[in-house]
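Morning, everyone. I have one structure to walk through today. Please have a look at it before I start.

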Amino acid sequence: MQATSSKRSVYQTFSRFLQAVVVSWIACSSGAAFALEHNTLFLPFKINAPDTANVTVAADKALEREVTAKGMKMLSRSQAEKMVNYGGTWPPAASSLAKAAEAAGADYVVVGSLNKLGNRISIDCAVVDMLAPRSPYTTFREADSINDLPRVTGDVVGAMMTYSNRSAVVASIAPEGNE
């Protein structure tokens, strides 16, 4: 009988340990995911287009849709214009970006411009790590027309998100068995 109760005790101890490990893993995983949601701040694009008003409305809507769908933050154009000079040198100075990042509690700030030449559009973006603002990661996407704005914006937001959350992404898992 002692052997049976001893086995049961070992099983119960192992079961409790396994439960504690699983609960801890879930807590850490959800905490990391929650932290990543608020890690990156997007500023509205600087618009360089002949029909600035129309392009601005479309670009802001597309960017806001993509950013919020991915759980990140975006300043409204009116908020951003209070912190950075959209009429001045672009991209803005690191000190302006630092103010925006601090206000939003972000580690990364994404700034970009949308250029329209004829029917074609180009979005150029940089994600700035506020701990190393002199080394931004940049990307660009092009499209044949303003109708492709949602797709191109989605691509840019995805690239910026991948970069700013790169430390939390598992590149690959290769299981190895016993040999």
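First, a term: I call a residue buried when its relative accessible area is under 20%. Keep in mind that this is a predicted model.

Now strand β5, residues 120-129. By that cut-off β5 is mostly covered, with eight of its 10 residues buried. What does β5 pair with? On one side of the story there is β4: the two strands pair in the antiparallel sense, over 10 bridges. One of the pairs puts serine 113 with aspartate 124 in β5 as its bridge partner. β4 and β5 form a hairpin, with two residues between the strands. Glycine 118 in that hairpin takes a positive phi, near 65°. Then there is β6, residues 137-143, which also runs antiparallel to β5 and is joined to it by seven bridges. Here cysteine 125 stands opposite threonine 139 of β6.

Next, helix α2. It covers residues 52-69, so to speak: 18 residues. From first C-alpha to last it reaches 25 Å, close to the expected 26 Å. Its buried residues are Val55, Thr56, Ala59, Asp60, Ala62, Leu63, Glu66 and Val67. What covers them? The cover includes β1, β2, β3, α3, β4 and α5. Just after the helix, glycine 71 has a positive phi of about 75°.

On to the core. In soluble globular proteins, nonpolar side chains tend to be buried together. In this model the largest nonpolar core has 25 residues. Phe42, Phe45, Leu114 and Ile123 have the most contacts inside it. α2, β4, β5 and α5 each give two or more residues to this core. The largest share is from α5, with six residues. Apart from this core lies another, of 16 residues, among them Leu97, Ala100, Ala106 and Val109.

Take phenylalanine 42 as a close-up. Leaving out residues up to four places away in sequence, its contacts include Leu63, Val67, Val110, Val157 and Met160. Met72, Lys73, Met74 and Leu75 are also among them.

Is threonine 40 buried or exposed? Buried, because its relative accessibility is 0% and the cut-off is under 20%. The threonine 40 side chain makes a polar contact with the side chain of serine 164, at 2.7 Å. Beyond four places in sequence, threonine 40 touches Met72, Lys73, Ala106, Tyr108 and Val110, as well as Ser164.

That's my tour. Questions, please.

Notes. Residues numbered from 1 in each chain as written. Predicted model: local features only at pLDDT ≥ 70, side-chain atom pairs only at ≥ 80, totals over all residues. Heavy atoms only, no water. Helix = DSSP H or I, 4+ residues; strand = E, 2+ residues; numbered from the N terminus. Expected span 1.5 Å × (residues − 1). Buried < 20%, exposed > 50% of the residue type's maximum accessible area, 1.4 Å probe, protein only. Contact = heavy atoms within 4.5 Å. Core = buried A, V, L, I, M, F, W, Y, C linked by side-chain atoms within 4.5 Å. Polar contact = N/O pair within 3.5 Å; in protein donor to acceptor, adjacent residues only side chain to side chain. Pairing = 2+ DSSP bridges.
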